[in-house]
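Welcome, and thanks for taking a look at this one. Please open the sequence and the model side by side before reading on.

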Amino acid sequence: MQKKEKNNNFYMAFCDDRFKINRIAVTFIDKLERERNTLNALFPMVLIRGNNKYKDMKEINRYLDNMYGATLSIDVDKKGDLQAISFAVSFLNDRFAGENLYTKALQFLYDIIYGPVKYGGGFEEDAILQEKNNLKQEIESRINDKVQYAIDRCIEIMFEGQNYALYEKGNVDDLQTITKEKLFSQYQEVVTKKPMYVFVYGDYDEEWAVSKALEVFGEEKRESIHNDFSINIPFEKTKYVTEEMEVNQGKIALGIRTNVDVTSEDYYKLLMLNGILGASPKSKLFENVREKASLCYYVFSRIDRFKSVMIISSGIEIENYEKALNLILQQIEDIKNGRIDDIEYESAINYYKTALMAIYDSPRDLLSFYLNQALVGQIIEPREVFESLKNVNIEDIKRIANRFELDTVYFLKNRGVAKDGKDL
Amino acid sequence: MERIYDDALNEEIYINSYSNGLKAFVIKKKNFSKAFAGFATKYGSVDGKFVHPKTKEVVEVPDGIAHFLEHKLFEEEEGNVFDRFAKFGAMANAFTSFKETVYYFISTQNFYENFEILLDFVQNPYFTDQNVEKEKGIIGQEIRMYQDNPNWRVYFNLLNALYVNNPVKIDIAGTLESIQKITKEDLYLCYNTFYHPSNMIIVVCGDVDPQKVFDTIERMEKTREYQSLIERIYPDEPENVNQKKIETSLSVAMPIFYIGFKDNQNDLPPYEMIMKDIQTQIVAETLFGKSTDFYEMLYKEGLINQNFGFEYNCEPEYSFFMIGGESKDPEEVYRRIIEHVEDVKKKGINREEFERAKKVVLGNHLRKFDNPEKISVEFIYSYFKGVNIFEYVKEIASVSFEMCEKRLREFFDENTSCISVVWPADKKNSVME
């Protein structure tokens, strides 16, 4: 691994010859705030519509196709109270292409991101209008995926009024108020002033790869932005919310305050707890809610790397709401009381070992793993994370579970069924 | 043991055959942390009717049984097989598709211990009345989950519109009603028929020792009597589509659609099937790829968005091309696609677009080799239809402009096309205006 860091510009390169496809990813970080999150989601969509160098989307796509079907992707993500705006190009290894594509790909990515600033011209009105419409549809399409929708709603309710409740792709009402000028100035500010992470995976010399990337993207001074990992609102009592939609299956989502500082050593204890509760193949939730009680097809728990929050999610028969909820909560109680079998512990530790080591085999996963590490401010390798997990014992897990507070129980059910979620 | 090294691809593969008809493959991936191992049987949702290899009687089983069997195989007398995998740290799972069922694990440690568990549990069914009943609850929830999934619905509706009789139109998991009929006797019958080594393959991909893999199989393989080829009964399928249009509504924000083209040129020898497959992919790129004028025009008119895409499914018993995504006006997109195809048929394919399309198709195929799961699954799919995934990359270069022009004229035809739409539940009227 080769690393270079200056003025809040971060460069990292990972190189070997195992893959046929290389990858360059450039990420900008901004605070996740209502004034900017919709603008930040929109400008990348406008950037890939063309600029003075590549006049339209067709020219961009032709350039990519000629690079043996290289792909350009944009992504907006929520990382705690931050918003990550990413651009990535994946392209064929020189060995198979018969030519050097790395410097071409770097320059291409640079031209996509900085085209409107460097080559003048700003954004086209038509492109903005259309991408506004596309983004509106994308935001509205959140209801298409009911599993994720229920999780998102649970977080929104849990963090009402807080930045963390905001959707990473913005909000339909704010879209209407976006003008050409506002969008351009926000875009310019992000790509020239906000922290930048340029990460590379390829079949090259690492030092050379970093120096080439640096030549193109530079290291001008940028702001530093700090993440807030805490929840910041006092816990009062559990909120029970039921909503209705045209669905065949009910979706339950539990939002739990873990009260763990995710930048501390306790994070690894929380991870192990998560493995035992609902992430590993022999997890308590899978075993007891699915296998033994036959209540669901899927049930899992998940931790946000950037917030002290655990989400539990499952799809159930609507009339089984209370039964499923009680059984889920029972699994947490069991952990609080230290009722953890060897097989559950073993399964969790092995699950993480496989998951963490598998990161090395995917350039995409590795780059996003290191970006997350950098944003938490602790750059350690996947295998080092595993070393920390190995030291966690049952007492640690029990202690962490006893800090849990059930913040929100969200239930999505079909229309016209009388049974409501209620205090239990 | 046979070894094939492909210099152009920089990939090597080891092959071993066993006396009971089983075949095993090791795709070597040097310096990879994880290894994939898959135990696959050529048995999927389309195999609901067949001739019993011993009694020679025609058997017809309830829909969704291959998938049900996949779920049940994880069950053991002392619990389930995850207990054993958990000890050695593998992530095990399985999936059922139209034509195959694959049991697999991914591990980054204890590969051979995990491999033995895989070989063991797939060869040891344990079904009881009670555990079969229990599974109906779980699978019932799986079916319900898919009913709420608009992409799944629009896809199966399309297959229902394309096909009159072919069982590819049947939902892989069956229905809430059909799974109720499944008994442990049905499961044993299907298991004993389709889980015979002569109908199965093993594919391993990772930094493993091929000889050791093959020896483990030799040692673990339960010797069984010879079984003749299984005769599967597929109904005759007319050339026309079942219906031109199929619609439903769900909670979605925007209409979701697929347009399908039914391919009636099936049952080809393997080489011809590969060529047909590649030619169709190239033609589709030149017609609808992201760098075409056509794509740019539809996008600029707001008729399609970034989710627009297409794929071609090529099998000996059925082949179809599908294209779709989200649109405020799916019927207009359908009209434009047909119009565009006719236009290109008249004018001919643009040579420059053809060259570019070839590069894209090559890149897409090479991409798959970076992912052990993907390459293994592709390998299994290809193997069962009688072709080798490694051949694809070589053959792409040999596809000529003339072949593609011919393919365009022969295949893309309005008469064998249809459309499937999922409309937003609350907005159907306003969208259709």
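What follows is a short tour by topic, from annotated spans to single residues. Keep in mind that this is a predicted model. Its largest nonpolar core has 129 residues, and the structure holds 72 aromatic pairs over all chains.

**Annotated spans**

- In chain B, an unreviewed UniProt entry lists residues 63–175 as "domain: Peptidase M16 N-terminal". In the model, this span of chain B is 52% helix and 15% strand, and its end C-alpha atoms lie 7 Å apart.

**Nonpolar cores**

- Which residues have the most contacts inside the largest nonpolar core? They are Phe91(A), Phe217(A), Ile337(B) and Phe412(B).
- Ile337(B) is in contact with Ile259(B), Phe261(B), Phe288(B), Phe294(B), Phe308(B) and Ile323(B), leaving aside its neighbours within four places in sequence.
- Another core, of 73 residues, lies apart from the largest one; Leu82(A), Ile276(A), Ala324(A) and Tyr352(A) are among its members.
- As general background, nonpolar side chains in soluble globular proteins tend to be buried together.

**Rings and charges**

- Among the aromatic pairs is the one formed by Phe95(B) and Tyr104(B), which is tilted, with 6.2 Å from centre to centre and 55° between the planes.
- The two partners fall on either side of the 20% cut-off for burial: Phe95(B) counts as partly exposed at 22% relative accessibility, while Tyr104(B) counts as buried at 17%.
- Arg18(A) lies over the face of Phe32(B), 5.1 Å from the ring centre, so here a residue of chain A sits over a ring of chain B.
- Within chain B, Arg351(B) lies over the face of Phe401(B), at 3.9 Å from the ring centre.

**Two threonines in chain A**

- Thr27(A) lies in strand β3, which runs over residues 21–31 of chain A. Because its relative accessible area is 5%, under the 20% limit, Thr27(A) counts as buried.
- The side chain of Thr27(A) makes a polar contact with the side chain of Ser86(A) at 3.0 Å. Beyond residues up to four places away in sequence, Thr27(A) touches Ala84(A), Ile85(A), Ser86(A), Pro195(A), Met196(A), Tyr197(A) and Leu371(A).
- Thr238(A) is found in the loop between α9 (206–217) and β7 (239–245) of chain A.
- Apart from neighbours within four places in sequence, Thr238(A) is in contact with Leu406(A), Asp407(A), Thr408(A) and Val409(A). Thr238(A) and Lys136(A), 102 residues apart in sequence, are 32 Å apart in space, C-alpha to C-alpha.

**Two positive phi angles**

- Most residues other than glycine have a negative phi.
- Tyr68(A) has a positive phi, near 55°, and is found in the loop between α2 (57–66) and β4 (71–79) of chain A.
- Lys56(B) also has a positive phi, of about 65°, and is found in the loop between β5 (49–51) and β6 (58–60) of chain B.
- Is each of these residues buried or exposed? Tyr68(A) is buried, with a relative accessible area of 15%, whereas Lys56(B) is exposed, with 53%.

**Two strand residues in chain B**

- Val59(B) lies in strand β6 of chain B and counts as buried at 13% relative accessibility.
- Not counting residues up to four places away in sequence, Val59(B) touches Gly48(B), Lys49(B), Phe50(B), His52(B) and Leu189(B). Its C-alpha atom is separated by 9.8 Å from that of Arg232(B), 173 residues apart along the chain.
- Phe320(B) lies in strand β16 (residues 319–326) of chain B and is buried, with a relative accessible area of 0%.
- Contacts of Phe320(B) beyond four places in sequence include Tyr155(B), Leu159(B), Leu162(B), Tyr163(B) and Phe261(B). Phe320(B) and Tyr163(B) are 157 residues apart in sequence and 10.0 Å apart in space, C-alpha to C-alpha.

Technical notes:
Residues are numbered from 1 along each chain as its sequence is written. Chains are lettered from A and ligands numbered from 1 in the order in which they are written. This is a predicted model: local features need pLDDT of at least 70, side-chain atom pairs count only at pLDDT 80 or more; totals for chains, interfaces and linings use all residues. Side-chain values use heavy atoms; hydrogens and water are left out. UniProt positions are given in the numbering used here, feature names are shortened, and annotations may be inferred rather than shown by experiment. Helices (H or I, at least four residues) and strands (E, at least two) are DSSP runs, numbered from the N terminus. Buried means under 20% relative accessible area, exposed over 50%, partly exposed in between (1.4 Å probe, protein chains only). A polar contact is a pair of N or O atoms within 3.5 Å; within protein, one must be able to donate a hydrogen and the other to accept it, and residues adjacent in sequence count only if both atoms are side-chain atoms. Contact means heavy atoms within 4.5 Å. Rings of Phe, Tyr and Trp (its six-membered ring) pair if their centres lie within 6.5 Å; planes under 30 degrees apart count as stacked, over 60 as edge-to-face and the rest as tilted. A charge sits over a ring if NZ of Lys or CZ of Arg is within 6 Å of the ring centre and within 35 degrees of the ring normal. A nonpolar core is a set of buried Ala, Val, Leu, Ile, Met, Phe, Trp, Tyr and Cys residues joined through side-chain atoms within 4.5 Å.
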